[in-house]
Amino acid sequence: MKDSEGRKLCKKVKVDPSSKRGRAELLHYKDGTFHTEYSRPATFKSMVAFLKDPSGPPLWEENPEAKDVVHIETEKDFRKLLKKEERPVLMMFYAPWCGVCKRMQPIFQQAATETKGKYVLAGMNVHPAEFDGLKQEYGVKGYPTFCYFEKGKFLHHYENYGATAKDIADWLKNPQPPQPKTPEVPWSETDSAVFHLSDESFDSFLEEHPAALVMFYAPWCGHCKKMKPEYDEAAEILNKGADSPGVLAAVDATVHKAVSDRFKISGFPTVKYFEKGEEKYTLPQLRNKDKIIEFMHNYIGMKLGFAVQMYDDNRYSCDNSPSACSFPGCPHCKNAVPHFTTAAELFKEDRKIVYAAVDCTKGQNHELCKQEGVEGYPTFNYYNYGKFVEKYNGDRGEAGFTGFMRSLRGRDQEKVVKRKEEL
């Protein structure tokens, strides 16, 4: 069998006779290298899904708490459910990678349990192209889409994506069509201190402002909406201060696509720092007012800073604590953990050095790890303010991890001395 990229996959079954559990261990190898241990249900469907995408998320039906949700696999099963079911049906059309879907699934599960016997709550992954006709039939233009049926007839969409289980249960008692929404006022038209840029004004703005932080966003993006008030508050201070070290600007990447394509914006929000019109850093850790202001004020003193750092799926930085993120469950990773943790402890008071980790076996981190060039475990990447610098291939003991960071510090101190000598 091959994965989504067409590479041949290999599965090895290892039996440990001394194990008290008396069960086989299923280990997955990719390109001859250990990848991860198989810990999902020993069912045909789960194993096939795993082999197709070993680092992908588990199937929704594998979650024991989703036992009261009816999981639909095929269009034939969907039609059969509508034809035979006498109770009202609320169908959740979803995609496995969808963030809003993942957030709503436990709520939907709870609602299914609370309304069990009276209503049927069902879920169906309709992302594959084979369901394009079904999506068109029921107006599925994004994920998740909730459709309500009575006696096989579609009546309404349910559009409360911030609902609780109780909200869903209450709505089912008296299902009503969605109310017309008040159009959202574009951010650029609000009373915002942020400078809102366009394809035409972007370059001239950066010429006029030698230090600028730019947030590339999409109006529909949940993380962007969460960040906007923080960014606005920071702009109130930085954009109106006479002695401000720099300004804050924003670009609607869905409208001003030329400049967004130029800087290869692929996720939202993306925050970039520009100096004299030149892109310097991508800063995924800047998500709140205090961090934004701190960076802008301390940037000059931080230019020589360095860190070993990676980020989770929401692009937030991991905490300084070595236990903030977890390693994948491979033997080599487990051997490295205590040494990596000790090194992190030694530097935990140093604000310029961070040791962090990402569990690439978690579905939500799969794309991030792929993007960062992770092909085997463990992989150690060195980053300088959000930019990849190099892979670490040294000793995986405490001395190797600490020595590497000290060598970087020594390297930068030499640069400082050299600059002073040149002045």
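This is a predicted model: local features need pLDDT of at least 70, side-chain atom pairs count only at pLDDT 80 or more; totals for chains, interfaces and linings use all residues.
Take β12 (residues 270-275) as an example: β12 and β13 pair in the antiparallel sense, over 4 bridges. Lys 272, for instance, has Thr 282 of β13 as its bridge partner.

Now for the overall picture. The protein has 12 helices and 15 strands. It contains 423 residues, and 44% of them count as buried. Its accessible surface comes to about 23400 Å², with 51% of that belonging to carbon and sulfur atoms. As for contacts between residues at least 6 apart in sequence, 64% join residues at least 24 apart.

Lys 30 is found in strand β2 (residues 24-30). Between Lys 30 and Glu 375 there are 345 residues of separation in sequence, yet their C-alpha atoms are 8.9 Å apart in space. Lys 30 has a relative accessible area of 18%, so it counts as buried, the cut-off being under 20%.

Aromatic rings come next. Searching the whole structure turns up 34 aromatic pairs. One of them joins Phe 78 and Phe 149: the ring centres are 5.9 Å apart and the planes stand at 75°, so this pair is edge-to-face. The two residues come from distant parts of the chain, with Phe 78 in helix α2 (residues 75-84) and Phe 149 in strand β7 (residues 145-150), 71 residues apart. Both are buried: Phe 78 has a relative accessible area of 0%, and Phe 149 has one of 1%.

Another edge-to-face pair is made by Tyr 148 and Trp 171, with 5.4 Å from centre to centre and 85° between the planes. Tyr 148 lies in strand β7 and Trp 171 in helix α5 (residues 165-173), so the pair ties together parts 23 residues apart in sequence. Tyr 148 and Trp 171 are buried too. These two rings also take part in a cluster linked by ring pairs, along with Trp 60, Tyr 94, Phe 108, Phe 146, Tyr 158 and Tyr 161.

Methods. Residues are numbered from 1 along each chain as its sequence is written. Side-chain values use heavy atoms; hydrogens and water are left out. Two strands pair if DSSP finds at least two bridges between them. Buried means under 20% relative accessible area, exposed over 50%, partly exposed in between (1.4 Å probe, protein chains only). Contact means heavy atoms within 4.5 Å. Accessible areas come from the Shrake-Rupley method with a 1.4 Å probe; for residues, only the protein chains shown count as cover. Rings of Phe, Tyr and Trp (its six-membered ring) pair if their centres lie within 6.5 Å; planes under 30 degrees apart count as stacked, over 60 as edge-to-face and the rest as tilted.
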